[in-house]
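Welcome! Take a look at the structure below, and then we can walk through it together.

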Amino acid sequence: MALAAATLASSPRVSISVSAAGMNSSGLSMSFGARRVPGISVQIHSQRRRMAAAAARGHEGAGKTFVEEMRAAAMRMHTKDQASEGEKELEGPSLNELEPNLEAYLRFLVDSKLIFQTLENIVDRAAVPCYLCLSDAEFQNTGLERSEALKKDLKWFSEQGHTIPEPSASDTKYASYLEELSEKDQQAFFCHFYNMYFGQSAGGRLTGKKIADKILNKKELEFYKWEGTLSELLQNVRTKLNQVASSWTREEKNRCLEETVTSFAYSVDRLRKIFT
Ligand code: HEM
């Protein structure tokens, strides 16, 4: 299993450099194509733009549900040793070669809680934009929610005598970015929603297990447990996501797919810090 460190290379043709807000003394907001991405610095190379453009032309669309399109965009962002469908070359050491650090893992859990709580607050809010509150396609209480589980885990760590840190600057900015997207760019918001919940159910679980084996005496945290059958919960949400996206234009769908790179940049940055 590998996690690109400061540099993400999304494929031999595509490379993106990412650094955390805290590591960038200059102000922490750099341009990402046409969009400013706060809290993380993302440098897009011209080939990366071509990849986004290819997605934008809808080459992937034929015969696929929109969730399958989002999944394909996400799988392309994995390294080959993370997932067999990954396309990125491994740069830097594999996660298997690195030792997780408990203090850093606690920061990761705190940051994950902030981000899941933010997503959950957004979909719970009465003022939630209509794309998330269609009566037959709502995203509240899907069973995938993670913030309550993380709350329990952090309470457990606290009872074990560990100090619970404050959220990082980069994920505090990511939370603000999600709030902003939820109001101004529903398609992009949708992409983060998908990647956070579905990524957690896949690679997130694998990573959590490896960390538990190494530093938690195999204790399974609540973060990695779901009530009910996970595959069914995921399928229900896939159906709703497809239903919502069915009213989008091709351009709007492409806007959502393009956001996958930003979603990964934030999440990879959060994961990477467990091992530093
Ligand atoms: C250590 C890092 C990671 C590892 C080891 C990993 C591994 C995996 C694996 C094994 C799969 C399943 C592939 C399959 O269905 O055969 C997967 C799926 C996926 N991953 Fe990751 N991943 C990692 C990071 C991420 C990140 C940072 C994100 C995005 C924020 C992400 C988003 C996804 C998504 C959306 C899927 C598709 C899930 C589905 O089909 O339901 N992954 N990942």
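## Around the ligand

The ligand is surrounded by 21 residues, and the closest are Ala74, Gly199, Ala202, Gly203 and Ser267. Here a residue is near a molecule or strand if its C-beta atom, placed from the backbone, lies within 6 Å of it. This is a predicted model, where local features need pLDDT of at least 70, side-chain atom pairs count only at pLDDT 80 or more, and totals for chains, interfaces and linings use all residues. Residue numbers start from 1 along each chain as its sequence is written.

Which helix gives the most to the shell around the ligand? That is H6, with seven residues. Helix H2 (66-76) and helix H9 (260-272), like H6, each supply at least two residues of this shell. Helices (H or I, at least four residues) and strands (E, at least two) are DSSP runs, numbered from the N terminus.

The shell divides by residue class as follows (Gly counts as polar):

| Class | Members | Residues in shell |
|---|---|---|
| Nonpolar | Ala, Val, Leu, Ile, Met, Phe, Trp, Tyr, Cys, Pro | 12 residues |
| Polar | the others, Gly among them | eight residues |

Phe193 is buried, because 25 other C-beta atoms lie within 10 Å (buried means 20 or more, exposed 12 or fewer, partly exposed in between, with C-beta atoms placed from the backbone).

Finally, the chain has a mean pLDDT (the predictor's confidence in each residue, from 0 to 100) of 80, and 74% of its residues reach 70 or more. Over residues 1-36 the pLDDT stays under 50. Where pLDDT is low, the predicted coordinates should not be read in detail.

Notes
Two residues are in contact if their C-beta atoms, placed from the backbone, lie within 7 Å.
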